Amino acid sequence: MTQPDWIDVGAADELAKRELQPIVARRARIALSFRGGEFSAISGVCNHVGGPLGEGTLDSDYVTCPWHFWKFHHRTGLGEPGFEEDAVPAFAVKVENGRVLVDIASATPRTRKPHPPHPLARDVQRAPGPIRVVGISTTVMHHDHPRYSTSDALLETAIAHAKTRGCEADIIYLRKLNFRHCEGYYSKSARACTWPCSITQMDPTDELDRVYEAFVHWADVILVTTPIRWGAASSLYFKMVERMNCIQNQETIADRQLLKNKATAFSIHGGQDNVQAVAGQMLGFFAEVGCQFPQFPYIAHSRGWSAEDMENNTRYVEESKELHDGARALVERTIDMAKLLVAGTIPEVAMVGGGRKGHQLDVKAQT
Ligand code: FES
């Protein structure tokens, strides 16, 4: 039988001031709670991805992890009803001479309920087949009363052209997806921002998994279109890219590049100007997540600051052979770039920390 190993963790009257707190007993991280005049102790390390349980909250009888809200009973360490198999160690606690003592030899076993991995978590391997093109529309409009959109029209022209080149091609209209804003898990801890996205794993009704699936697993070409709104890309564009934190974060915390061999281009359209600033942001973001670009990676159209006659703008785009030819040429050169990437003609370069740590890990597929 294991001998008790009582560790003095502090004065009872001080520790009783907080309902839940993190403490360390020798080297064990513990979530110490005080409820109904009694102390109890469970492991401070969450079963999910190691969140600090002692920094969470005590809701009813359960300690709630501050990262993604898994719950463990404050005395037994068992998961909430239905998840009892997911248990963290619980420890014996006593108070003697005004001091709180935790027996670190009394830890109950940590057990894990099997959680099938999310389908997005599979290895990133390009499936054989023709070049695949995904168009992303970030334009916002009324669901039931669609209007003519210059950015959507040119995206649709590009996607139709990709099909004539033998590609598989599809459009995702972000406005048709139900998805949550990024809730800033990264701001709690880099490791709290997970791949697949924490929201995607927690909320089966969140539909951004379709964008992740296309970006990470399916597409070779990513073609993003946006209107210009107050001098910037659309709010839906930013809502999407904030949720892509989880992709960028894998580069910095796990040296894992999820976007491999992706050729990316942009189509930017506004009644008023600021094309270069919008293009700059989009290029910067997609470069940061590991995408590559063809020469001249965007097309754009704007009639300038004083052009308030939007009816004429939409008519102009509808009738402009030059703009529609430009959309076809954009997707064409992006497809050509994707072919080079997929064939390995352009080397795939894996960089430590997504290139932030300054040295190169590996260069594959040299010509
Ligand atoms: S819920 Fe605890 S780490 Fe995710």
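Trainee: How many bridges join strand 12 to strand 13, and do they run parallel or antiparallel?
Mentor: Seven bridges join them, and the two strands run parallel. Keep in mind that we're looking at a predicted model. Strand 12 covers residues 221-227, and strand 13 covers residues 263-270.

Trainee: Which residue stands opposite Ala 263?
Mentor: That's Val 221.

Trainee: What about strand 14, how does strand 13 pair with that one?
Mentor: In the parallel sense again, over five bridges. Strand 14 is residues 298-302.

Trainee: Is strand 13 buried or exposed?
Mentor: Buried. Eight of its eight residues are buried, so strand 13 is largely enclosed by the rest of the structure.

Trainee: Which side chains point which way there?
Mentor: Ala 263, Ala 265, Ser 267 and His 269 point one way, while Thr 264, Phe 266, Ile 268 and Gly 270 point the other way. Residues on both sides are buried.

Trainee: OK, zooming out. How many helices and strands does the protein have?
Mentor: Nine helices and 16 strands. The radius of gyration is 26 Å, well over the 21 Å that the globule rule gives for 367 residues, so the protein is more spread out than a compact globule. Its C-alpha trace spans about 85 × 50 × 35 Å along the principal axes.

Trainee: And how much of the protein is buried?
Mentor: Buried residues make up 47% of the 367. The accessible surface comes to about 17900 Å², and 52% of that belongs to carbon and sulfur atoms.

Trainee: What about charges, how many positive and negative side chains are there?
Mentor: There are 40 positive and 44 negative ones, and the centres of the two sets lie 3 Å apart.

Trainee: Switching to helix 5. Which of its residues are buried?
Mentor: Helix 5 is residues 235-243, and the buried ones are Leu 236, Tyr 237, Lys 239, Met 240, Val 241 and Arg 243.

Trainee: What covers them?
Mentor: The cover includes strand 10, helix 3, helix 4, strand 12, helix 6 and helix 7.

Trainee: Now Leu 101. Where does that residue sit?
Mentor: In strand 9, which is residues 99-103. Leu 101 has 12% relative accessibility, so it counts as buried, the cut-off being under 20%.

Trainee: Which residues does Leu 101 touch, apart from its neighbours within four places in sequence?
Mentor: Trp 6, Ile 7, Asp 8, Ala 92, Val 93, Lys 94 and Glu 96 are in contact with Leu 101.

Trainee: Is Phe 296 buried or exposed?
Mentor: Exposed, at 59% relative accessibility.

Conventions:
Residues numbered from 1 in each chain as written. Predicted model: local features only at pLDDT ≥ 70, side-chain atom pairs only at ≥ 80, totals over all residues. Heavy atoms only, no water. Helix = DSSP H or I, 4+ residues; strand = E, 2+ residues; numbered from the N terminus. Rg over C-alpha atoms; globule rule 2.2 N^0.38 Å. Buried < 20%, exposed > 50% of the residue type's maximum accessible area, 1.4 Å probe, protein only. Areas by Shrake-Rupley, 256 points an atom, 1.4 Å probe, with all protein chains shown as cover. Lys, Arg positive; Asp, Glu negative; His and termini not counted. Charge placed at Lys NZ, Arg CZ, Asp CG, Glu CD. Pairing = 2+ DSSP bridges. Contact = heavy atoms within 4.5 Å.
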